[in-house]
Amino acid sequence: MNSTTQKRITKWFWILITLPVVCLVVALLLVALFAKIPSFEQIENPDSNLATLLISEDGKILNTYHIENRSYVSFEDIPDYVVDAAIATEDARFYKHSGIDFRGLARVAVKTLLMGDSSQGGGSTITQQLAKTLYPRQDVSSRIPGGRIFKMIGIKLKEWITAVKIERNYTKEEIITMYLNQIFFGGNAYGIKAASNTFFAKDPGDLTVEEGACLVGMVNKPTRYNPALNPEQSLARRNHVLKQMEKYDYLSQAQYDSISQIPIVVTYRQQDHNSGYGPYFRDMLRKFMNAQQPKRSSYTQVEDYRADSLAWKDNPLYGWLNKNLKPDGTQYDLDRDGLRIYTTLDSRMQKYAEASVAEHLGKELQNTFSKELKNRRNFPFADDVPKDEIDRLMRNGRRWSDRYRGLKEEGYSDADILKNFDEPVPMRVFAWNKKGYVDTTMTPNDSIRYYKSFLRAAFMAIEPNTGHVKAYVGGPDYHFFKYDNVGQGKRQVGSTFKPFLYTLAMQEGYTPCDKVVNTTYTIDVNGEDWAPKSEVDERVVTLKWGLTNSRNNISAYLMKQFGPFATVEICRKMGISSYLDPVVSLCVGSCDLSVMEMVAAYNTFPGRGVYSYPMFVTRIEDNAGNVLATFSTRKREAISEVTAYKMIDMMRGVVNDGTAGRIRWRYNIQGDLAGKTGTTNDNSDGWFIGYTPKLTAGVWVGAEDRQVHFMSTALGGGNNMALPIWALFIQKVYADPSINMGSSDVFVPPLGWSADQLCDGSSNDTSDASAGNDYFN
C-alpha cells in the first residue's frame with residue numbers, strides 16, 4: 001500500500017468517525033437555537049396536574065380532586081431502597097452521567113439494534129425519562145415519506161437538551177425525586193405516593209423492599225406488570241428488579257434470595273372519581289367552594305336564595321374558589337393545583353358510616369323490600385299509584401338519563417327515543433353483591449324501573465359545639481347513585497319535626513312533665529276544622545309521653561297553643577333555612593327538609609342551646625404547605641340552655657321507652673342517648689336523628705320516588721328503615737377506643753336544673769282523666 005492510498009484511507013476513516021459527531025453537534029445547536037426547548041422557569045414549574053388532597057381530621061387522605069392522581073412527596077419521605085431500585089433498574093450509571101449516557105447509547109446500538117438482544121434495555125437515562133414525562137411527546141405522524149423519522153429525531157434531541165438543562169440546574173437527589181413524583185404506575189396512579197396508596201394502601205415511607213421493587217417494576221409497562229391485573233408477570237418483574245439491586249450491590253445475595261420468595265400482597269384501591277372515602281362529601285365540597293355569588297333569578301324559593309346569600313356574605317368557605325385568586329391573578333384549580341384541604345371528617349367515622357349504610361341496606365332492608373316488590377302490578381310502584389302518575393315518573397326518568405340526552409344530541413325524534421328505550425341492550429347495573437354490580441341484558445325502560453326499586457339512604461354526623469361534620473354519606477353507592485341525599489335532596493320529615501314544636505313549648509315555660517288529655521284536638525283553618533290522625537284513649541298523659549310515643553294529637557294540642565308562625569320562627573332560630581309553609585300540619589312534619597338541615601338543627605340540643613353551622617374545612621394549604629386560609633366555627637344562641645336540656649330529657653324517653661326503643665333491646669347500646677324517629681305518609685320516608693353527649697347523627701331512607709315504598713309501617717317506619725343505620729354506626733364508634741366516645745359519656749344539666757322530674761315517658765306517665773289530675777286542656 002503506497003503512501004497516497006494510506007492517506008486516503010486515513011482521511012475517510014476520520015471523516016466517517018467525525019462526521020456523525022459533527023452532525024450531532026450541529027443538530028443539537030440547531031435544535032437549541034430554533035426549537036421550542038423548555039426554559040429553566042418551565043422546568044422549575046412543570047404543568048404536572050397535582051391532585052388536590054382531602055385530608056381527614058385524623059390525618060388520613062380521604063379522597064382527591066384530580067385529572068391525574070398525583071401527589072408530591074419529598075426525597076426524605078422516599079425510602080432509600082425505592083430510590084436504589086429505580087436506579088438499578090432504569091439507570092445504573094445515574095450518578096456518573098450528566099443527563100445523557102453515551103455508554104448506554106452505545107450498548108443499545110450494538111447489543112439491542114445490531115445483535116437483537118432486547119434484554120439490555122433502553123438507552124434513556126432517568127433524567128431523559130423525566131424530561132419526556134414533564135413535557136410529553138407531540139404527535140409524530142407525517143404525510144411526508146420519512147417525515148416521522150425526522151420528527152422523532154428532533155423530539156429526541158430536544159429531550160436530550162432538556163435533560164442536560166435539568167442536570168445543570170438540579171442535584172441528583174432533586175432529579176430522582178422529580179422522577180418518582182412524575183412517572184405513571186398504572187391504576188390511575190401518577191407518582192410514587194399515589195401508587196403506594198393505590199396498590200398497597202400505605203404511604204411511600206411505609207413500603208417494604210419488595211413492595212417498592214414491585215412498584216418500580218411497573219414503570220416499564222404499567223398494565224402488563226400491574227400486580228392486581230397480572231400477578232404472575234408482576235412477580236417475575238419484581239424479582240427482576242430485586243436481581244438488578246443485587247447486581248449493583250444494593251442488596252446482598254442472601255437478601256435477594258430471601259425477599260424474592262415473598263409473595264405480592266396487594267391492597268388495590270384505584271383512585272378514580274368513584275372511589276375513596278366520602279365521595280358524596282367530595283362532590284358537595286366542590287360545589288360549595290365553587291359557588292357563584294347568588295342571583296335571585298336562579299332560585300325558585302326566596303328562602304334558598306336568602307340562605308345562600310348569607311352564606312356568601314358570612315361563610316368564607318362558600319364560593320372560596322371565586323373569592324380568592326392565586327398570586328398571578330388566576331383562579332385556583334382543584335384538579336391541577338395540588339391543594340391540601342384539611343376537612344372536619346373523621347376517617348374512622350366516615351368508614352363506619354359507609355359500612356353501616358351498606359350493612360343495613362345491602363344485607364337486610366333491600367332484600368325484604370325486593371321480596372315485597374315482586375308482587376306489584378306496576379313494579380316497583382305501589383298498586384294504588386295511577387297510571388298517568390307512573391307514566392310521568394317514567395318519562396322524567398328517561399329525560400334525566402344520559403342515554404336520552406345523547407340520543408337528543410344525535411337528532412333522534414321522541415318516537416325513535418321511546419322505541420330505543422324498549423330495545424334490550426347489554427348493561428352493567430348496581431347490585432348488592434361482592435362486586436357491587438351485575439352484567440345483564442335489559443331494556444333501558446326496565447333499567448329505570450330497576451334502579452327506582454332500590455332504597456336510597458343519607459347519613460350525616462356532626463359534633464356539638466364545633467359544628468364539625470364527622471361523617472357524610474349521600475347514598476348507597478356513589479358509582480351508580482350520584483345524587484346527594486344529604487345536602488341536595490329534601491324529603492318530607494314526618495315526626496322528626498315534632499321536637500321543634502316541643503322546643504317552642506319548653507321555651508315558653510312548659511316542662512316535660514306537664515299533663516294534657518290524649519284526645520282529638522281540632523284547629524280552625526279558614527273556617528274548617530282540622531285534626532291529624534292519631535290514637536285516642538282520653539287518658540291524661542305528660543308531654544314527654546306524647547313525644548316518646550309520637551302521638552299526633554299531642555302535637556296538635558301544642559300547635560293549637562302556639563300556631564304555625566311561632567313554630568316557623570323557632571325552626572329558623574335552630575337553623576332551618578328552607579321554605580316552611582306556616583300551616584297547622586307542620587305539627588306532623590308536612591314540610592320537605594334536607595338531612596343536613598335537620599341534623600344541624602338537632603345538634604342544638606347537645607350543643608346546650610347554641611346552633612353551630614355545619615363546618616366542613618379547617619384550613620387550606622397550597623402544594624408547598626403554605627397556609628392559604630383557615631376557618632373557624634360559626635355559631636349563635638338559638639334557645640336557652642335550660643330549654644335544650646328539657647328537650648334532651650324528653651327525647652331520652654323516645655330511646656328508653658318509645659319508638660326508638662330497639663336501640664336498647666335489639667342493638668344493646670347503653671349510655672346517655674336521645675333522639676326521634678319519623679315516618680311520612682304511605683311510608684315513603686323513614687327518619688331517625690339521634691345524639692349522644694359528643695355526637696349528633698341523622699339518617700333518612702327512602703326510594704327515589706315517594707310512590708315506591710313499603711306497604712306497612714312495621715317495615716316502612718323510621719324505626720325499621722333508618723334507625724338501624726344509626727345504631728350500627730354508634731356501635732362501631734363506641735367499639736373503637738381511639739375515637740374516645742362511649743357509654744360513659746353523659747349530658748351535663750345546666751346550673752340550677754331541678755332534678756325532681758318524675759316523668760319518664762313510659763306508661764307510668766298516663767292516668768285516667770277522672771282521677772283528679774291537674775292538666776292543660
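Buried here means under 20% relative accessible area, exposed means over 50%, and partly exposed lies in between (1.4 Å probe, protein chains only). Eight of the eight residues of E9 (residues 455-462) are buried, so the strand is largely enclosed by the rest of the structure. Helices (H or I, at least four residues) and strands (E, at least two) are DSSP runs, numbered from the N terminus.

E9 runs antiparallel to E23, joined by eight bridges, and phenylalanine 459 stands opposite valine 699 in E23. E9 is also joined by four bridges to strand E10 (residues 469-473), again antiparallel; in E10, alanine 471 is the bridge partner of alanine 461. Two strands pair if DSSP finds at least two bridges between them. E9 and E10 form a hairpin with six residues between them, and asparagine 465 in the turn has a positive phi of about 75°.

## Basis of the model

The model is predicted: local features need pLDDT of at least 70, side-chain atom pairs count only at pLDDT 80 or more, and totals for chains, interfaces and linings use all residues. Residues are numbered from 1 along each chain as its sequence is written, and side-chain values use heavy atoms, with hydrogens and water left out.

## Overall content

The protein has 28 helices and 24 strands. Of its 777 residues, 52% are buried. The protein exposes about 36,200 Å², of which carbon and sulfur atoms supply 51%; accessible areas come from the Shrake-Rupley method with a 1.4 Å probe, and for residues only the protein chains shown count as cover.

Among contacts between residues at least 6 apart in sequence, 69% join residues at least 24 apart. Contact means heavy atoms within 4.5 Å.

## Valine 699

Valine 699 is placed in strand E23 (residues 696-703). At 0% relative accessibility, valine 699 counts as buried. Leaving aside neighbours within four places in sequence, valine 699 is in contact with Ala458, Phe459, Gly686, Trp687, Phe688, Ala722, Ile725 and Trp726.

## Other strand pairings

Strand E7 (residues 425-430) and strand E8 (residues 437-442) run antiparallel and are joined by six bridges. Phenylalanine 430 has tyrosine 437 in E8 as its bridge partner. E7 and E8 form a hairpin with six residues between them, and glycine 436 in the turn has a positive phi of about 85°.

An open sheet of three strands has the order E12-E15-E24, with antiparallel pairing. Strand E12 (515-517) and strand E24 (766-768) stand at the edges, each with a single partner strand, so one side of each is left without a neighbour in the sheet. Strand E15 (residues 539-542) pairs with E24 over three bridges, and arginine 539 stands opposite aspartate 768 in E24.

## Helices

The axes of helix H20 (residues 498-507) and helix H22 (residues 552-573) come within 8 Å and cross at roughly 85°, which makes H20 roughly perpendicular to H22. Axes are lines fitted to C-alpha atoms, for helices over the stretch in contact, and angles run from 0 to 180 degrees between N-to-C directions. Angles of 65 to 115 degrees count as roughly perpendicular, under 35 as roughly parallel, over 145 as roughly antiparallel and the rest as oblique.

Helix H7 (residues 172-182) has nine of its eleven residues buried, so it is largely enclosed by the rest of the structure. Helix H12 (residues 279-289) is mostly covered, with eight of its eleven residues buried; among them are Pro279, Tyr280, Phe281 and Arg282.

## Backbone exceptions

Most residues other than glycine have a negative phi, and most peptide bonds are trans. The peptide bond from phenylalanine 379 to proline 380 is cis, with omega near 0°, and proline 380 lies in the loop between helix H15 (347-373) and helix H16 (387-399).

Alanine 201 has a positive phi, near 55°, in the loop between helix H8 (192-200) and helix H9 (209-218). At 40% relative accessibility, alanine 201 counts as partly exposed. Aspartate 682 also has a positive phi, near 65°, and is placed in the loop between strand E21 (674-679) and strand E22 (685-691).
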